[in-house]
Structure formats: C-alpha cells, structure tokens
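Here is a friendly briefing to read alongside the model. Please keep the sequence and the 3D view open as you go.

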Protein chains: 2
Amino acid sequence: MTSPLIVDVPDSSDFSFHNIPFGVVSIENSSQPFPASAIGEFVINLRELAVAGLFDRPLLRDIAPSVFSATTLTLFLQLGRPSWREARQTIQTLLLKSHPSPLRDDPNFRSSVLIPIYSIQHHLPVRISNYTDFYASKEHATNVGAMFRGKDNALMPNWVHIPVGYHGRASSVVISGTPITRPSGLRLDPVTKAPVFGKCQKLDFELEMGFVVGVGNELGKPINIKNADDHIFGVVLLNDWSARDIQQFEYVPLGPFLGKNFGTSISPWIVTLDALEPFRVAQPTQEPTPAEYLQGGSKDAYDINLTVQLKASTTTTPQTISQSNLKYMYWTFNQQLAHHTVNGCNMQTGDLCGTGTISGPTPDSLGSLLEMTQNGTQPITVDAVSRTFIEDGDEVILRGWCESEESAGEKIRVGFGEVTGIIRPARS
Amino acid sequence: MTSPLIVDVPDSSDFSFHNIPFGVVSIENSSQPFPASAIGEFVINLRELAVAGLFDRPLLRDIAPSVFSATTLTLFLQLGRPSWREARQTIQTLLLKSHPSPLRDDPNFRSSVLIPIYSIQHHLPVRISNYTDFYASKEHATNVGAMFRGKDNALMPNWVHIPVGYHGRASSVVISGTPITRPSGLRLDPVTKAPVFGKCQKLDFELEMGFVVGVGNELGKPINIKNADDHIFGVVLLNDWSARDIQQFEYVPLGPFLGKNFGTSISPWIVTLDALEPFRVAQPTQEPTPAEYLQGGSKDAYDINLTVQLKASTTTTPQTISQSNLKYMYWTFNQQLAHHTVNGCNMQTGDLCGTGTISGPTPDSLGSLLEMTQNGTQPITVDAVSRTFIEDGDEVILRGWCESEESAGEKIRVGFGEVTGIIRPARS
Ligand SMILES: [Ca+2]
Ligand SMILES: [Ca+2]
Ligand SMILES: [Mg+2]
Ligand SMILES: [Mg+2]
Ligand code: NI
C-alpha cells in the first residue's frame, strides 16, 4: 500500500502517524531549544509550523506562534486537553499527502520543519516543579516487602487501600542520555554492620513510567477522579535510579532520600493520553473495593509493553533482562492523581508522577535488579558477564510501546522511544 | 540617644538596622510585586532604590536595576554571598542620617521607597523549586519515637549518624497569612481500626525554621560543608502543618505524603546569614562523631528564640503555648546541606530546607501538639478552652528573634516577624 503520508514511517517506528508525541529539542550547535513532535525518523519543528500559521484551527490559531516559540512545553500544557487534541490533529493532517500545505509543497520549508532525528538533542520537555513517585505495582511491593519483612508481612496494611507514594526530588530529573554519577553516602558495612561512608555498592534501576500533569488544581480543591484524564497531558518512561544500600540505611521512618535523589531519568517524548486511548484496558481487580474517591472507570489501565536492557560495560550489545507491561499496575494513573489531591494538595503544570517499579507476575518480568538478584544474592548473567547490581560503565535502556492486533490490514504502534543512562564512576 | 537613622525604629522591632531582611511585597490594589527589605515599621522598595541608581557599589552597580525589577528574589539570590552582603551594606548606609542621598533628602522619593508595612501584602520571596524537611531536633525525634515505638526504641539507629530528612511538596508552600483548609483523607477509625475516609481529626502544626538556598550546585558535585555558608542565603520561620491521623496511616514504608502536603507556611522575610552572624553559638555535642563530610565548624548553630501562639477560634487573644530555641537543633544547617548533596543531589536557587520540629528539653518547649498533648490524650488549655489538636477557625502564630546582651549601651535585635495561618473547615 502506498503511504498516505508525506514522509516514510517504518512499521517498526515508535513515532507513527497515530502517536504524535511532544518534546523539546535543539539542533546541534544551535542554542535555542524548541517544541517538537516526531514522525518516523524525523522530528517536527512546531515553532516553524506555528510561525508559518499552520496551526489554523480555532483553539490554537491566535496563540500557537507564542505558545510554540517557548523553550518548554509549559505554555502548551496549560491550555488543556481540547487544545492538546487539536494540536495533534493539526499535525496529523499536515502529514497527509492529501492535504495541500507548505509542508507538503515547499521543499525549503519542509526541510526547516522535518529534521532528521539523529541530528537533534533532547531537552527536558517541561520545567518539572514537583516529582512524586508512587509504589503502585502489587508485584513489586510484594517482592520487596517479602525480601525485607518476610512473605507474611510483605504488603503493608495500607497498601491495598491507597496508592502509596512519596515526594521525590524534582531538581535531579534528567533527560534520557544524561550520565549518572555513582553516588556516595553512609551505608551499613555488610560485615561489621557499622555505618561507613563510601560509594554505593548496590546501584539499581527501577523500570517505571510517569505521567506529566497538564492542568493543575488550586490548593484546597481536589481533582475528582472522573476528571483526572483531563488533567494528565501524557506519559513518559522513567528510570528511578536507586542506591539500595544508602536507601536501606536512611529510609526509616521518613522514606527514601539520598538513595533516590541523585538522578531520575525520563524519556524525551511525552505520549499523549489521546494517542494511548486505543490501548486502554481493564485494570487488575481491586479487592477490597477502594474508597469512593478512588473509584474511576473500568478501563483505566494501559497495555504498554516494557523492556529493560542492560549493556554491560565490557560488551557492545544490550541484553534484554526483563519484559513487563504497564497493565500489571494495580493503582491507575487516575487513582494516583485523585489520591494525590484528595487532601487539597495542588498539582502544577509539568508535575511528574512516577508509577513505581512495574514488576509483572513472572520471574522474567521484574522491574529492578533488587528483585531479579534477590538483593544481590543471586547474580544474573548478561552477555557472559555476571551482575548483582549495576557496575561503572554499564548502561540501562528502558523501552515501551503499544501495539494493536492487526485488523483490517492495519496494525497500530505507538511507542515511547527509550530512556537510557550510563553509570559514571563515583567521585573520588 | 538620638537615632542615627532616617527612620525611627522601635527597640522591640524585629526589623532593626542590623537585620535588613529580604522579601517580596506589593502595595494593595497594585498588581506588580517587588523586592523589598524592612526597617522598623516600613518596607523598603528595592526596585525604586535600584532604578534610582542607589546600589552604587561595584558588584551591584550595573545589574541592580534589572535584578530588583524582577517579581521574585531569584536573580538576586543567584548572585552569591558577596553581592548579598553588598546589598545589605548599601541599604544600611542609605538609612544613615550621616549619608547624603535622595532617600534622606528628597521627601517624594522617600515616600516612594519607605512604605508603611501595614499597607503592603507579602508574596513568596522566591519560586521554591524543591522543598526538603529534615528531622534535626533530637528532642522531637525522641518524643515522637517514644510515643509510637516506646522509650527504648525512640531514636532509630540511623538518627545519630545522619540528618534524616525527606522530600516535601514544593507547590503547597504558602506565604504567612494564607488560610489552610483542613484536609480529608483515609485514616484508621479509632474504634473499629478500619480505614475510613473523612476530614482530619488530628490537625497539628510543627514549629520549624527553614533555610533558603542562594547558590546551588551541579548534579553530581556535592557541596563541601566548609562552603555551606556561601550557598545559604538566609532563614525563615516555617510551619509544617501536619494531619497526624492521615500521616499515621500512610507513612510506612515511604514516609509522610498527604499528611503533610496540603500546606506549609513560611514567614515573608528571609533573614540573611550575615544578619544572624552575631548569634552563632556552638551546636549540641554530637556523639558519636559524625562522618567527615558532616564535620563543620564549632559554632554552626544559631541562638534564635522561638514561640508558638495559638489563638483559639472562640477567643480574641493569642496564647503562648510553647517557647523553644533553634540552638537545641542537633544537626546544623550546614550539616543538612552537606548531607543533602553528598550523593551529588543538586540544589537550586530558592530551594527550601526545613529543620524539622524544634522541640526543646522541657515540657514548655515542645514544637507540636502531638508532643504537648501526648497524641491527643492530654489536652492543653488555651484561654479557658481545651485543645488536643487544632480546631476550625484556630490560628497558629510562630515567631522568632535573636537578641544579644546589652553591651556598650547597645542591644542588637534581629527578628523574623511571624508566620501565621488560620484553619478553614474541610470541604464538604
Ligand atoms: Ca521508584
Ligand atoms: Ca516537619
Ligand atoms: Mg531516582
Ligand atoms: Mg506541611
Ligand atoms: Ni552612596
């Protein structure tokens, strides 16, 4: 079938016509970042489209040039879901061969808008004012709880009643590709059991996703779960790097701190809820029935395939070490948002909420080395080398994508690209 | 003695010639907030001073008009301690009768700069990007620990080794005077012990101070404790409103969340470390000796008197219910900052770090109702009414000030003003 689009999009591309994610990029050796989307092997310069007047539908017509001339997506996110939807639809239309436009017809303009994705660099798409991390996978919470408190006390009594979460550090959220320096801190010496200062010996990743808040709420006015979808702009991949030994020593009674706040990596493209709509599925059965403020729709989960690859420092090929799926998550995004605000806490545009580690029900679907290696006691083998935790020079790559069954000759793929990070040695 | 100043400053004023705090205010019915200082009963419009060219010393001469035309102090804070010090000294000089300037000599200019403090409203002085709350008072940690885990397990083993802290919610930090809505959430029913949804029954305050970061650090590069003073711009009063019943249900294992993030109030004026320098005192003896990265100077504590007043909804006069002092705090600001960054975590201009509740060693120096009433079991009496926790319409007022002994006929007072908040009924 001839492509109906003005650019070729490989079937395997995460950035299909159905996706149209949003991010912020810059061209190498040029300082000013700009809002962008992606299609196939190209990024789409939204600033150029806007300045040329191509956002010509009612909501964005007058404001697109200023909204998309900003260096973050913050102004765009503040507009709300009807505008997000209109922007996505406008971009889709402009990509159609059947739609006459300077993008289709003017080669010079086209080359200023469609830029090969290999030639750009990514930036944080929004200023992240607040970052929260939930703990919403029952499998993960059970696995970790069993390790530290025994099988019978694995889940805390509160866990089945509320999406447990905590505040993370917003300043150290970084874009995919940013190297992470191995942290140092106090931890218990495994032999003497005394606290000693030194570099982290149990550096781990956590396979997570995160939703980005589009429209916030006023302090004191909760977001009703029925409206949660209108407040969430979209979703990214998230790697919550974790220093297990530092975390273990510090976390009682106030929770994780230095064990987490040295870096959290996110993927550069925010995939909108509209793009994810075809992949909504029923969430896991919740027993006991949650409180009324946590009762959302019946299909509030998303079927998103997730993989973890580890590229050991001594090898050249990443090896897949886990395959999970967001649909295993017990507490939905909507429940997380309703819970976060039920006490009146105010969300702001650009706030990031991580899901917590997404572990599945099987041994090959665990979302952290902590779980895979049973806290370092059972090494895994990666490309003929053995790992308990992450070593210097290792790279961790998380990927996520949705795929529908082929039907009527069409298979829809909407992907997140990847979030990667390589570990640098600790400072001496 | 005749005052050497161009304005009268009452002896009891927090905003003495020695203070020169920094904040952001606006004049009622005028929209644009501006940077300000305070002297006696007046605020000092720094934008007007700057535009008139009165910051005429080397560091600020060229940049003061743009720095002080901003609507927050963020640009000013980024400049670093030599500039903060120069600004304070310039303002002090301009207040001297002996120094000829338009402020002294031009009545019109003077009335545009010195504005009666009763006629202004306060704003958050900086955009707070990240808020951390420590737990640095040994008395408080011991009192609370004993209540929930018994006297023998009161302090967790990590507590004497590190300044335990956690990430708070930056978005809900509000300026003094902002009403706080009683939060609702899940808590355990005291009779059935089952989780129930409803409004908080154990609403509390926490008497804290907080330091505001002036100059941050790059991700991956810790702040050495010897340089911590140069990164801290100044100090405010902080009330960490706490919903004890919500907190109690949610906080294991990831720490406080909805029990805290519905509101945190700070005082409007940031008092600089330079103004606090005369009040430095030795911190409490630390046993065991902390790790090297936590070894600061010998006089890293500050002697700051603190009081808590409660104005019950049914009364007209605030009653003092606690008198404490920041010098009781075990872990110093410098230790908190060194700890926070030792793993490479990056601080940003405007970040706020709360001390945790500052309880003293005696029953009249407790920093929370949780401690004063033994978790609501022993009511206190305020102006002939009984209180276990805060009721709707109650107002909590925290105050702080430093005072030196009289010497050579002069007594120095440097105060923080107050942070107040009144509790509004829960949403129905
Ligand atoms: Ca996590
Ligand atoms: Ca606190
Ligand atoms: Mg992290
Ligand atoms: Mg609070
Ligand atoms: Ni002068």
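Q335(B) sits in helix α11 of chain B, which covers residues 333-341; helices are DSSP runs of H or I with at least four residues, and strands are runs of E with at least two, numbered from the N terminus. This is a predicted model, where local features need pLDDT of at least 70, side-chain atom pairs count only at pLDDT 80 or more, and totals for chains, interfaces and linings use all residues. Residues are numbered from 1 along each chain as its sequence is written, chains are lettered from A and ligands numbered from 1 in the order in which they are written, and side-chain values use heavy atoms, leaving out hydrogens and water.

**Around Q335(B)**
- Q335(B) is buried, at a relative accessible area of 3% (buried is under 20%, exposed over 50%, partly exposed in between, with a 1.4 Å probe and protein chains only).
- Its side chain makes a polar contact of 2.7 Å with the side chain of Q286(B) (a pair of N or O atoms within 3.5 Å; within protein, one must be able to donate a hydrogen and the other to accept it, and residues adjacent in sequence count only if both atoms are side-chain atoms).
- Beyond neighbours within four places in sequence, the contacts of Q335(B) include P163(B), I225(B) and L294(B) (contact means heavy atoms within 4.5 Å).

**The calcium ion (ligand 2)**
- The protein donors are D133(B) (OD), E206(B) (OE), E208(B) (OE) and D240(B) (OD), at 2.2 to 2.3 Å (donors are N, O and S atoms within 2.8 Å of the metal, or 3.2 Å for Na, K and Ca; water is not among the atoms, so sites may look incomplete).
- Along the sequence, these donor residues follow the spacing D-x72-E-x1-E-x31-D.

**Helix α7 of chain A**
- The buried residues of α7(A) are H140(A), A141(A), V144(A), G145(A) and M147(A).
- Seen down the helix axis, these buried residues fall within an arc of 160°, so they line one face of α7(A) (the arc is that of the directions from the helix axis to the C-beta atoms).
- They pack against α12 (369-372) of chain A.
- After α7(A) comes G150(A), with a positive phi near 85°.

**How the two chains meet**
- Chain A can be laid on chain B with an RMSD of 0.0 Å by a turn of 180° and a shift of 0.0 Å along the axis (superposed by least squares on the C-alpha atoms of residues with pLDDT of at least 70 in both).
- That is the relation of a two-fold axis.
- In chain A, G255(A) comes closest to the rotation axis, at 2.1 Å (C-alpha).
- The copies meet through the same surface, because 100% of the interface residues of chain A are also interface residues in chain B.
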